[in-house]
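I am opening a notebook page for a structure that is new to me. I want to look up a few places along the chain and write down what I find.

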Amino acid sequence: MQEYCSVSTFRDRSCRPGFINGKQAILFLIGFLLFWINSFGQKNTPAREWESLLSDYVSKSVHDTVYLRKAEVLAGQSLKEPQLKQRLATFRKIAWSKESYHPYRASYYGILANHSIAIHQEGFSIYYLQKQEEELKKSVDYVNSLSEPRLLLAIYGRDEQSNIDKRLGIFQDNLPFLKSLPGLLKKQQVHYLTCFNAMTILNHAAQIYAKKEDSLKVLAICNLSEGIFREIEKDAGFNKIRRQQCRLLLYMTEHARAKVLKDTRQQWTVLHDAETFVRAMQTESPSAWLRAFERAVLTKMIDFNIKQNQIDSGRYYFNILKGQVASESKNAFGDGATKYLLYSSILNAKENNYRSAYDTLLKAYEINDSIIATKTADIHNNMYANMVAEQRAEQLVTAEIEKGNRNIVIFVISTLLIVAVASLILRQKARDAKMKRQIEDLNNTTQIQIAELEAKANTVQKKLGMELHDGISGNLVHICNHLATELMGENDPEKRDRLQQLSDLAKKTYIATREKSHEWYTQGTEDELDAFSKSVEKIVSNALAGDKYEKQIEVDHLSLEKVSPLTRVHLLRIIQEAMANIIKHARASKIKLFIYEEDHSLTLQITDDGRGFDTNPKTNTKGVGLQSIRNRIQEMNGSLDIVTSPKGTELLCIIPI
């Protein structure tokens, strides 16, 4: 009230106590309400802040670097906004306007990578992280950013139980560099991205080894994380928010240490400290990254309380988690719907709210089916390939503009002879460029199909089927048995009737859960095999596009049921190499590809009507590709037979099942 009276319009004695009459009081109250309503309506949103920041920059109220720094902060709060890339157009223009702004170029691609992950377009994020690494390599004191291994761990680690050996392999490959990082931080300035990714990778590894109950590895990782963080705290180049982000990751690593040491008190202390810390950060500078981290902490707190059989506490933190996610989405549960609803079902069952548990479980089925459909559609969009095409289109426009500026000079100084020679050279280059693009498209398509194949091997549908079968079904059996015991000892007819109704409902829920788990698991396996066949067709079709080639592709699904996901990846790589050889050397017009089972072996047969080649790697340039195929066949304990002549080539790979 005093603050409002300080406005110059009301600077008279009527504002002071003892001088306000009834009419003035009413007018004053109306004015205050209007002021409050207007202030509430003008509450800043990220979109409005973007517009305000751009307006300040256009009017030259803020300098380039001020705009860049503020835009970075705003971007962290807008990662899920679909228009984020358009909002960063000015940021990009400034970052590429001067060489001194070079660090912001890497930041630009990093923001877009995080944005792509936030809106579930992982294909885009791969492209942006590659572009970010290219910019970082232009720095004189370049240090590996660790973006690629961090992203691979995120992709392979969507399910805590899957790809353990592959994830640990990635960690071990990067461990020597991680061990050298504290010393490197003492000697020179290291980009924040490297430190953040290092802390993320170490936390990821600590969680895996904690699951394996390897206390020595977890303790070593935690010590290394603490050493890196000590150097980060000493480095004046890192601002407060970046130090805090690394501190949050250290909390999670320390939680893994307490968990593997079975120190429940320390587990809870670390989780409580992490929650308090992240809440304070949200108050200072809210962001999507912090919200995601807070949800992860709350999830661990719910798990902890359920394992400690502290159901009331588990319900308390579940309600906090539910409220936070609901505030971010019209859907009351947002992206993590299935997990939240399963938590709710478990808590309801433990609280004897069986009807609510049943209804919540059915809702989880419904939302999960929707999520799976959305994810499948997103995968088939081939986002990464689309982004590469978009980038090439932009480069083509730029090249055309530059070419137009040189046309006049070329027209004046060129002669008929030069034009004739240039025509021959350009024709050859066009052929080479086309072949190069085909090879690049082949490599990109194969990489995408392998990623999709691995994603199918770890499909949410399949994992949920196992979780329903092994987890919730077990709980429902326990409930059924408990109710049966209660029925046997209950003599009151009315109570016995209610118990019988609950028992019947629990049995129906158990049967529905079992049927759904089997249905999901079976469908997940069928989708996995279907995905492999489609991957083969896409690789061949994209590599040998158009009417130039006559293609015949036949894949026997049944022959792939006993084949491991790694073997399927090897087969895709072999097909990739074969297609590359056809593009570069064969000059073929007919291609046949068959995959079938014969004599307890899987057979891959690829034939073409090209001009053939010398299979000796010492006398031809295709030796490296053939050697790659031989190595893969040898790794699968298979055999390779190549028959080639001027009339065509046949590649026959036989792999024991």
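In which loop is arginine 587 found? I located arginine 587 in the loop between helix 23 (565–586) and strand 2 (590–598), where helices (H or I, at least four residues) and strands (E, at least two) are DSSP runs, numbered from the N terminus.

I note that this is a predicted model, in which local features need pLDDT of at least 70 and side-chain atom pairs count only at pLDDT 80 or more, while totals for chains, interfaces and linings use all residues. Residues are numbered from 1 along each chain as its sequence is written, and side-chain values use heavy atoms, with hydrogens and water left out.

I looked up the accessibility of arginine 587 and found it exposed, at a relative accessible area of 70%; exposed means over 50%, buried under 20%, and partly exposed in between (1.4 Å probe, protein chains only).

Next I turned to backbone angles. Most residues other than glycine have a negative phi. Leucine 146, although not a glycine, has a positive phi of about 65 degrees, and I found it in the loop between helix 8 (122–137) and helix 9 (147–156), buried at 0% relative accessible area. Glutamate 213 is not a glycine either and has a positive phi of about 60 degrees; its place is in the loop between helix 11 (192–211) and helix 12 (215–234), and at 56% relative accessibility it counts as exposed.

Last, I searched for disulfides, meaning pairs of cysteine sulfur atoms within 2.5 Å, and the count came to zero. Cysteine 195 has its nearest cysteine sulfur, that of cysteine 246, 6.3 Å away, and cysteine 195 is buried at 0% relative accessibility.
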